[in-house]
Amino acid sequence: MTTNTTATAQANTTVDATTVDTTAGIAAAEAARTRLDFAKAAPKVFRAIVGLDIAARTGLDPALVELIQIRASHLNHCAYCLHMHTNDARKAGESEDRLHMVAVWREARHFFTPKEQAALALTEAVTLVSDAGVPDAVYAEAAAQFEEEELAHVLALILTINTWNRVALATGKVAGTDERRP
């Protein structure tokens with residue numbers, strides 16, 4: 001083998017070993033989870049949140065939905081939801097560049113439309129509401145970018161993802177698992 005071929009083979013082995021280690025780690029973390037299964041323990045409540053989630057997304061651009069969910073999950077430190085929604089965004093065609101910039105969108109505004117920026121700012125204000133409330137300027141910018149019904153759906157989506165983040169964090173959901181999939 002040449003040096004380049006050897007290096008490539010070693011790199012591929014490392015990637016494969018990392019994937020196996022990650023998969024084994026996820027399985028071990030999930031098996032060790034001792035907190036309640038919220039969906040089984042409170043099925044009516046769980047279905048109500050699912051219903052709110054479905055209703056909130058109605059009429060919203062799917063890319064915007066994922067950006068909002070990703071940003072709230074960053075702020076809430078919810079690895080489970082962050083993993084799930086970045087994967088959903090990729091499957092929906094979102095670019096890696098934009099996914100990497102969501103956490104620092106204010107410094108990378110050129111990656112996002114004015115409407116997306118308004119939604120991200122509103123997401124931050126509502127998610128961190130105890131810090132400073134929802135500033136009038138943030139709300140006004142969102143109201144300028146969205147029709148009233150659409151703005152109501154954006155707010156409902158922000159409320160919903162914050163609820164999902166809290167459920168996932170409180171019940172010890174493991175990043176890398178996705179219970180929506182069989």
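Helix 4 (residues 62–75) and helix 5 (residues 79–91) pack at about 155 degrees, with 9 Å between their axes. An angle over 145 degrees counts as roughly antiparallel, so that is how helix 4 runs relative to helix 5. Keep in mind that this is a predicted model. Below, a look at this pair, then at another helix pair, and then at the nonpolar cores.

**Helix 4 against helix 5**

- Helix 4 passes helix 5 in a left-handed crossing.
- On the helix 4 side, the contact is made by Glu66, Gln69, Ile70, Ser73 and His74.
- Helix 5 answers with Cys81, Leu82, His85, Thr86, Asp88 and Ala89.
- Sorted by class, the residues of this contact come out as 4 nonpolar, 5 polar and 2 charged.

- Ala89 sits in helix 5, and it counts as buried because its relative accessibility is 2%, with the cut-off for buried being under 20%.
- Setting aside neighbours within four places in sequence, Ala89 touches Glu66, Ile70, Glu94 and Leu99.
- Glu66 and Ile70 belong to the helix 4 side of the helix 4–helix 5 contact.
- Leu99 lies 10 residues from Ala89 along the chain, and their C-alpha atoms are 8.1 Å apart.

**Helix 3 against helix 10**

- Helix 3 (residues 43–57) and helix 10 (residues 148–170) pack at an angle of about 145 degrees, and their axes are 8 Å apart.
- Here too the crossing is left-handed.
- From helix 3, the residues involved are Phe46, Ile49, Val50, Leu52, Asp53, Ala55, Ala56 and Arg57.
- They meet His153, Ala156, Leu157, Thr160, Thr163, Trp164 and Val167 of helix 10.
- The class tally for this contact is 10 nonpolar, 3 polar and 2 charged residues.

**Nonpolar cores**

- The largest nonpolar core holds 27 residues, and the ones with the most contacts inside it are Ile68, Leu122, Phe146 and Val154.
- At least two residues of this core come from each of helix 4, helix 7 (114–127), helix 9 (136–145) and helix 10.
- Helix 7 gives the largest share, 7 residues.
- What does Phe146 touch, leaving aside its neighbours within four places in sequence? Its partners are Leu64, Lys115, Ala118, Ala119, Leu151 and Val154.
- There is also a second, separate core of 11 residues, with Phe38, Cys78, Val167 and Ala168 among them.

Technical notes:
Residues are numbered from 1 along each chain as its sequence is written. This is a predicted model: local features need pLDDT of at least 70, side-chain atom pairs count only at pLDDT 80 or more; totals for chains, interfaces and linings use all residues. Side-chain values use heavy atoms; hydrogens and water are left out. Axes are lines fitted to C-alpha atoms, for helices over the stretch in contact, and angles run from 0 to 180 degrees between N-to-C directions. Helices (H or I, at least four residues) and strands (E, at least two) are DSSP runs, numbered from the N terminus. Angles under 35 degrees count as roughly parallel, over 145 as roughly antiparallel, 65 to 115 as roughly perpendicular and the rest as oblique. A crossing is left-handed if the near helix is turned anticlockwise from the far one by less than a right angle, and right-handed if clockwise. Contact means heavy atoms within 4.5 Å. Ala, Val, Leu, Ile, Met, Phe, Trp, Tyr, Cys and Pro count as nonpolar, Asp, Glu, Lys and Arg as charged, and the others, Gly among them, as polar. Buried means under 20% relative accessible area, exposed over 50%, partly exposed in between (1.4 Å probe, protein chains only). A nonpolar core is a set of buried Ala, Val, Leu, Ile, Met, Phe, Trp, Tyr and Cys residues joined through side-chain atoms within 4.5 Å.
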